[in-house]
Amino acid sequence: MYKLDQATEIRKEEAFNVNALENYLHRELNISSPLKVLQYPSGYSNLTYLLNMGTQGMVLRRPPYGANIKSGHDMHREFKIISSLKGHFNKIPNPIIFCDDKSIIGDEFYIMEKINGTIFRGTQSQTDLPKIKLIPDLIDSFVNTFSEIHSLNINKLKLDKFGNPEGYANRQVKGWIKRYNNAKTNDFKEIDKIMTWLSDNIPNNMESCLIHNDFKFDNLMFDINEGVSVNAILDWEMATLGDPLMDLGTSLGYWIHESDPEIIQQLKLNITYLKGMPSREELVHLYGEKSGRSVQNILFYFIFGLFKIAGIVQQIYFRYKKGFTNDPRFKELDKGVELLGKMALQAIQKRKIDYLF
């Protein structure tokens, strides 16, 4: 039996004024029960807490401490997206309330319904990872759900003005180069070469749809009681309108495979290193087949995905170096940045996305 996602005690440096939040919830949601707060400990970016009030469970999301990058931690944006999706797409938690009063818990936050399910993470113990017989159904659910997001009608969702699809890839490359340089702590020659290569190879794909921008297994909550299905997609803070292959590229960047070197697998970015998981090329084929979309020039999108993830990891490591968090998981993340850079450079030199070393 696979475990449901569990909350634990709040990390000391990520605690907040529970009494102030309790008073806010009593006032705004008309709930009279006392508040008990726990924390979901696994995320690396935005902070997620479980709120128990009597028999009612809710989930609170807020930016991490010391994060000054609005685009990756915009709670109002995430709340707006899931509010727009409500009634059109059933694989999301229902939004409850957004609060921009930073005096309550120290930053803006929003609250959504609690959904029960199983989340598979690369950092889990071996006993909690999916068994090989479950993998084909997990992959089917992954690809089907990914394609489903990219087929949503943005006009019906009233999200047609939510982003600027024109020049999306160009803005993303420039934006992530800027973010990386703003959080830079080391000189990695591979990363420098990748930034130049990406700038010189931006595709001109005009297709646009709603994209999640962080679609990976640990952002998917599965119901595996009767068959396998995705019952919730989490972490919509980077969603926008743009090139669906940029979305696929990010997923490929996280798709560490059993054929990759052990030192890469040890990053544990995903559960995709498990035996029986498809290769990155196989995932691309499955996505193209399901979506009916051309997957040409996938090399650029894979390289971008690796660089974007390196940028995200670098931002987290920067916060650790600056003392904004003492989370021991962050201590050696700079090594992960360097490895992702080496992997991307190998892909550029070999002109392929699998069997790079």
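Q: Which side chain meets D354 in a salt bridge?
A: That's R280, at 3.5 Å from N to O. A salt bridge here means a side-chain nitrogen of Lys or Arg within 4 Å of a carboxyl oxygen of Asp or Glu.

Q: And where do D354 and R280 lie?
A: D354 is in the segment after α10 (333-350) and R280 in helix α8 (residues 280-291), so the pair ties together parts that are 74 residues apart in sequence. Helices (H or I, at least four residues) and strands (E, at least two) are DSSP runs, numbered from the N terminus.

Q: Is R280 buried or exposed?
A: Buried, with a relative accessible area of 0%. D354 is buried as well, at 5%. Buried means under 20% relative accessible area, exposed over 50%, and partly exposed in between (1.4 Å probe, protein chains only).

Q: Good to know. What kind of model is this?
A: It's a predicted model: local features need pLDDT of at least 70, side-chain atom pairs count only at pLDDT 80 or more, and totals for chains, interfaces and linings use all residues. Residues are numbered from 1 along each chain as its sequence is written, and side-chain values use heavy atoms, with hydrogens and water left out.

Q: How many salt bridges does the structure hold?
A: 17. Among them is E237 with R61, whose closest N and O atoms are 2.8 Å apart. E237 lies in the loop between β8 and β9 and R61 in strand β3, so that pair ties together parts 176 residues apart in sequence.

Q: What about D235?
A: The D235 side chain also meets R61, at 3.1 Å from N to O.
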